Amino acid sequence: MRTLTTMALALWNTLVGMGITIKNMLLRPRITLQYPDERHSLPIGSRGIPVLLSDEQGELKCIVCELCEKICPVRIIEIKWHRDDQTRKKVLDEFNLDASRCMLCGLCAEVCPAEAIAMSDHYELASFDLPSLVYDKEKLQQLGLPQKTPIVNFAIKTEG
Ligand code: SF4
Ligand code: SF4
């Protein structure tokens with residue numbers, strides 16, 4: 001008799017649990033996403049890694065002032081340049097950024113006088129190959145191409 005009671009109780013508990021599950025499944029709105037097939041859109045102010053921005057002609061806006069390299073607290077920006085013999089202007093040869101060590105502080109975007117570097121919405125950096133996370137200027141430019149207007153420039157800029 002006692003075994004039968006235990007079995008009946010177990011069955012009842014199972015049915016109650018299934019009832020709750022089915023009710024939630026059918027009546028409640030879904031709040032989870034099937035990542036990575038589905039993604040939340042990031043709110044303005046979210047910060048992914050910095051990217052390089054281009055002008056209307058598709059040229060990098062960077063004027064090679066090196067301020068971002070100097071201000072980066074973790075020293076992960078490396079800039080190499082030479083001076084053009086004729087124009088005497090600085091020419092950007094290399095702009096490398098180690099995305100694996102970026103702490104997304106936004107200081108590089110904040111200090112840039114040419115609005116040439118901006119915080120992006122690119123945050124998916126998982127990789128088994130750490131060296132591949134050192135992005136060169138071509139990669140940073142490519143990542144920055146969709147960011148043409150301030151509305152999608154994720155940099156935290158102070159006014160004035
Ligand atoms: S966001 Fe901060 S840590 Fe990352 S590159 Fe810019 S200054 Fe360096
Ligand atoms: S602060 Fe801006 S303009 Fe200066 S080197 Fe960095 S990206 Fe280029």
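How many bridges join strand S2 to strand S3, and in which direction do the two strands run? Seven bridges join S2 (residues 77-83) to S3 (residues 90-98), and the two strands run antiparallel; strands are counted as pairing if DSSP finds at least two bridges between them, and helices (H or I, at least four residues) and strands (E, at least two) are DSSP runs numbered from the N terminus. This is a predicted model, in which local features need pLDDT of at least 70 and side-chain atom pairs count only at pLDDT 80 or more, while totals for chains, interfaces and linings use all residues. Residues are numbered from 1 along each chain as its sequence is written, chains are lettered from A and ligands numbered from 1 in the order in which they are written, and side-chain values use heavy atoms, with hydrogens and water left out.

- Arg88 is partly exposed, with a relative accessible area of 49%, where buried means under 20%, exposed over 50% and partly exposed in between (1.4 Å probe, protein chains only).

**Other backbone features**
- Most residues other than glycine have a negative phi, and most peptide bonds are trans.
- Arg75, in the loop between helix H2 (67-71) and S2, has a positive phi near 55°, and at 56% relative accessibility this residue counts as exposed.
- The peptide bond from Tyr35 to Pro36 is cis, with omega near 10°, and Pro36 lies in the loop between helix H1 (2-27) and strand S1 (50-52).

- Leaving aside residues up to four places away in sequence, Ile77 touches Cys68, Glu69, Cys72, Phe95, Asn96, Leu97 and Cys108, contact meaning heavy atoms within 4.5 Å.

**Around ligand 1**
- Of the 13 residues around ligand 1, those that come nearest are Cys72, Cys102, Cys105, Gly106 and Cys108, a residue being near a molecule if one of its heavy atoms lies within 4 Å of it.
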